[in-house]
Amino acid sequence: MILGEVASSGLARGPAVVCGCAEDTIVPRRTIDAREAPFEMERLDAAISIVERDLKRLQEIVQRDTGKHEADIFEAQVLLLHDVALREEVSTRCLSGKVNVEAAVDGAIEKLASIFARLEDAYFQERAADLRDVGKRLLDALAKGQRPAMPILPDGGILVTTELLPSVIAQLDGQTIRGLVAETGGQTAHATILARARRIPMLIHVPAAAKRIQSGDQLIVDGLAGRVFINPTPAILREYDRLEADLQAHETALKGLLDLPAVTRDGVAIKLCANIGKSADAVVAASLNAEGVGLYRTEFVFLVQDHFPSEEEQYHVYRATAERLKPREVVIRVLDTGSDKILPYFPLPREANPSLGRRGIRLLLAHPEILRAQLRAILRLSATHPVSILLPMVGGVEDVRAAKVVIESMKASLAADRQAFNPRIPVGAMIETPAAAILAARLAQEVDFFSIGTNDLVQYLLTTDRTSNDVSSYYEPLHPAMLETLASVATAAKAAGRNVSICGEMAGNPAYTALLLGLGFRSLSVSPGDLLEIKNAIRATRMQHAESFARHLLQLSTIQEIKDHLRDAKAREVNE
Ligand code: PEP
Ligand code: MG
């Protein structure tokens, strides 16, 4: 058994599929039509040129910094790259084997490398390692600008990996994946958010999982206690049969809440919305009776493409999503890329601190052509559907004003094109930087609503990278500075008469529901998978208690005191 941290709760069982998705070395395999073979060979030639250029550059650097002898290794690799036998083997596999070039390269390299490896002579054995190195470079070059490749998962498999990238999980559509186990990750990392939205149990920080677990091992992923069992004994299996039955009973009880309103015990109505990323999430959100969509993360619309989607493409995707949710409101956040959300076809300059660099609205204002196309698509949709625009990573009043100039100019261009739109489309700001939180009263004069992104707000307020393993113990939403900040944003929004919702993962944790309501929030937006659990928590809350509870917590000085108080309150509730 290996211990890990629960990122997405639930139980999963199935055979392990171990892969190193983080290293981009997974080989995409598909059958091709013979007519595609020449095109696949053209892709091989393009990849060979990239690898040759990289190897020659490496050769120069090593020769300059280390010496000619060491640099010659790369010259030898260039010769292997152009080996006629390799090319012939790849071509045969594409033409007769009818597989794509990646699968052909992988097979050809393995075949030739194992011939070398079987030879007695150490010189040839080393060439096998060089050949594999060249093969990896070729596969990397073929993958460049494309989606990271996915392993072929058997139905009901559990993916075990070093690190799960959002772009990989975004491709899990249509693949029956039961559980996820990763060696790294974060509670608010985008892969985690996606896993939660799909209700796929996921464990992170499972040490050496990809080494200790073999493909084909039978696993139980306990996404409640944070444990993975490898080839469990019958006694453990029986224990988990019982737990599964209990969980199913709990799920059935929650389903009883589907048609009930999200109101507290003393009758205060709470607006309970869903966060969505893909059209499939919209279907789940609608089926779980979400009141609307408080956050539509459009990054995933861009992430699943291999090019920037055009205005027309975006319009159709957003319209299909809004149509599924009609007549509910949908808050569409404009593209929030940069930092840990990278589009393969939009390489950004390397920055020492990417999360403090160009991202969110800053990046869009620096590339207004991307913003313009997206805004036109959203504005066109606003003619027929109740949608609003949400600006990510707002750092101050300037950002909002600059974005509004672009919004107004897109309205003017649509008017000139005689295209309909809602001239009063609401515009909101994400509050996810300390600057935006401090300036909430001033920002309220510029926008129609706020949405608090606690995932980033915790990161920036507590100067703790949300994706880092090393500082994860500092990433604490219950930090007194965080509670104080939330309270002051709620007060500023109320004073200005602006709606404020919380859309970060904090809103989806039922342990925090009473606290957030007590701090003054009346609108929450959570992963579809958390909707019923949060509705349950709202319906168990008495607003008067929640307010005095929050007032008390605001006076505490340490995370531990706040946690102890929350735990005691929970115990009192259970014993009531
Ligand atoms: C947040 O930061 O809380 C948020 C909702 O935005 P994202 O998680 O997409 O960065
Ligand atoms: Mg954010």
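Author: Here is a tour that starts at the ligand and then follows its neighbours through the chain.

Please keep in mind that this is a predicted model, in which local features need pLDDT of at least 70 and side-chain atom pairs count only at pLDDT 80 or more, while totals for chains, interfaces and linings use all residues. Residues are numbered from 1 along each chain as its sequence is written, chains are lettered from A and ligands numbered from 1 in the order in which they are written, and side-chain values use heavy atoms, with hydrogens and water left out.

Let us begin with the shell around ligand 1. It is made of 16 residues, and the closest are Arg 297, Arg 333, Gly 453, Asn 455 and Asp 456; a residue belongs here if one of its heavy atoms lies within 4 Å of the ligand. By kind, the shell holds seven charged, five polar and four nonpolar residues. In that count, Asp, Glu, Lys and Arg are charged, Ala, Val, Leu, Ile, Met, Phe, Trp, Tyr, Cys and Pro are nonpolar, and the others, Gly among them, are polar.

Three elements each give at least two residues to this shell: α7 (190–197), β10 (293–297) and α18 (454–461). Of the elements, α18 gives the most, with three residues. These names refer to DSSP runs numbered from the N terminus, with helices (H or I) of at least four residues and strands (E) of at least two.

Now look at the polar atoms facing the ligand. A polar backbone atom of Asn 455 is 2.7 Å from an oxygen atom of ligand 1. For Asp 456, a polar side-chain atom lies 2.9 Å from a ligand oxygen, and a backbone N or O atom of Gly 453 is found at 3.4 Å from one. On its own, ligand 1 has 290 Å² of accessible area, and the protein covers 100% of it. Such areas come from the Shrake-Rupley method with a 1.4 Å probe; for residues, only the protein chains shown count as cover.

Arg 466 counts as buried because its relative accessibility is 5%, where buried means under 20% relative accessible area, exposed over 50%, and partly exposed in between (1.4 Å probe, protein chains only). Beyond its neighbours within four places in sequence, Arg 466 is in contact with several residues, including Asn 455, Gln 459, His 190 and Ile 193; contact means heavy atoms within 4.5 Å.

The loop between α18 and α19 also holds Thr 463. With a relative accessible area of 72%, Thr 463 is exposed. Its phi is positive, about 40 degrees, although Thr 463 is not a glycine. For background, most residues other than glycine have a negative phi, and most peptide bonds are trans.

His 190 and Ile 193 lead us to α7, where both are among the buried residues. Just after α7 comes Arg 199, with a positive phi of about 55 degrees.

Our next stop is Gly 529, which touches Arg 196, Ala 197 and Arg 199 when neighbours within four places in sequence are left aside. Gly 529 lies in the loop between β16 (523–526) and α21 (531–539), and its relative accessibility of 18% makes Gly 529 buried.

Ala 225 brings us to the last stop. The backbone nitrogen of Ala 225 is reached, at 2.9 Å, by the side chain of Asp 222. Asp 222 is part of strand β7 (residues 218–223) and is buried, with 2% relative accessibility. Leaving out residues up to four places away in sequence, Asp 222 touches Gly 10, Leu 11, Leu 203, Arg 227 and Tyr 240.

Conventions. Polar contact = N/O pair within 3.5 Å; in protein donor to acceptor, adjacent residues only side chain to side chain.
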